[in-house]
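The exercises below go through one model a piece at a time. Please keep the sequence and the 3D view open while working, and try each task before reading its solution.

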Amino acid sequence: MLPTREEAERILAEAEKCNPGPWGNHSRIVAVCAERIAACVEGMDTEKAYIVGLMHDIGRKFGVKHLGHVYDGYHYMMDLGYEEAARVCLTHSFSTGDMKEYIGNFDITEEQQKEIEEALARTVYDDYDRLVQLCDSLSGTYGAVDMEIRMGDVKRRYGRYPQNKWDQNMALKRYFDEKTGRDIYEILPPDTPGN
Ligand SMILES: [Fe+2]
């Protein structure tokens, strides 16, 4: 189950009040990018793409956390009965499917990490998981940024970026370029204020 578009927007606005920050607008850009790409892929539901994109970082409602935001978002959406959104809260940070490759602090207990690993192991990624992973890696504050520049930024900030995660993100772009029959950047909003 999923929240409606309006309900998802309300949930995000409320969450931003609890933990204000650029993550709210980043979530809106991910949603718009996911919706636009989905509109060019036969069989994809644009509304679902928008909603799961909008909710992917909702765990940030509960404070400034790294791996913790994945755990919190997954549980928050499950508690509300929105398991399709919960799934994307879980999968969006793990494009290679391996929790160990998470870039950031492992700020949850060992038991909670085990729970995430087990939930990931039960999940076979679909095109909505892949789409949000892609959009997360190319969404800035106002629109789409060059994915390689963004990954380079992360590499500088955290001092590392696993090569297979880098390669996997590039593969995701090629996957959706092929599915949409174009270079996806052509259909995404530019990263300029007020686009
Ligand atoms: Fe996230």
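**Exercise 1.** Leaving aside neighbours within four places in sequence, which residues is Leu-172 in contact with?

Before the solution, two remarks on the model are needed. Residues are numbered from 1 along each chain as its sequence is written. The model is predicted, and local features need pLDDT of at least 70, side-chain atom pairs count only at pLDDT 80 or more, while totals for chains, interfaces and linings use all residues.

*Solution.* Begin by placing Leu-172, which lies in helix 9; helices here are DSSP runs of H or I with at least four residues, numbered from the N terminus. With neighbours within four places in sequence left aside, the contacts of Leu-172 are Ser-95, Arg-130, Gln-133 and Leu-134. Gln-133 is 39 residues from Leu-172 in sequence, yet the two C-alpha atoms are 8.1 Å apart in space.

**Exercise 2.** Decide whether Leu-172 and Lys-17 are buried or exposed.

*Solution.* The rule is a count: a residue is buried if 20 or more other C-beta atoms lie within 10 Å of its own, exposed if 12 or fewer, and partly exposed in between, with C-beta atoms placed from the backbone. Leu-172 has 20 other C-beta atoms within 10 Å, and is therefore buried. Lys-17, a residue of helix 1, has 9 other C-beta atoms within 10 Å and so is exposed.

**Exercise 3.** Describe how helix 7 and helix 9 meet.

*Solution.* First consider the axes, which are lines fitted to C-alpha atoms over the stretch in contact, with angles from 0 to 180 degrees between N-to-C directions. The axes of helix 7 (residues 127–138) and helix 9 (residues 163–180) come within 10 Å and cross at roughly 115 degrees. Then list the residues: Arg-130, Leu-131, Gln-133, Leu-134 and Ser-137 of helix 7 meet Asn-169, Leu-172, Lys-173, Tyr-175 and Phe-176 of helix 9.

**Exercise 4.** Why can helix 7 be called largely enclosed by the rest of the structure?

*Solution.* Ten of the twelve residues of helix 7 are buried, which is why it is largely enclosed. Among those buried residues are Tyr-128, Val-132, Cys-135 and Leu-138. The cover over them includes helix 2, helix 3, helix 5, helix 8 (147–158) and helix 9.

**Exercise 5.** Carry out the corresponding analysis for helix 4 (residues 67–79).

*Solution.* Ten of the 13 residues of helix 4 are buried, so this helix is largely enclosed by the rest of the structure. The buried residues include Leu-67, Val-70, Tyr-74 and Met-77, and among the elements that cover them are helix 3 (46–55), helix 5 (83–91) and helix 6 (110–121). After helix 4 comes Gly-81, whose phi is positive, near 85 degrees.

**Exercise 6.** Which members of the largest nonpolar core touch the most other members?

*Solution.* A nonpolar core is a set of buried Ala, Val, Leu, Ile, Met, Phe, Trp, Tyr and Cys residues joined through C-beta atoms within 7 Å. Of the 43 residues in the largest such core, Cys-33, Ala-34, Met-55, Met-77, Ala-85, Cys-89 and Leu-131 touch the most other members. Helix 2 gives the most to this core, with eight residues. As for Ala-34, its contacts beyond four places in sequence include Ala-49, Gly-53 and Leu-131.

Methods
Helices (H or I, at least four residues) and strands (E, at least two) are DSSP runs, numbered from the N terminus. The expected span of a helix is 1.5 Å times one less than its number of residues. Two residues are in contact if their C-beta atoms, placed from the backbone, lie within 7 Å.
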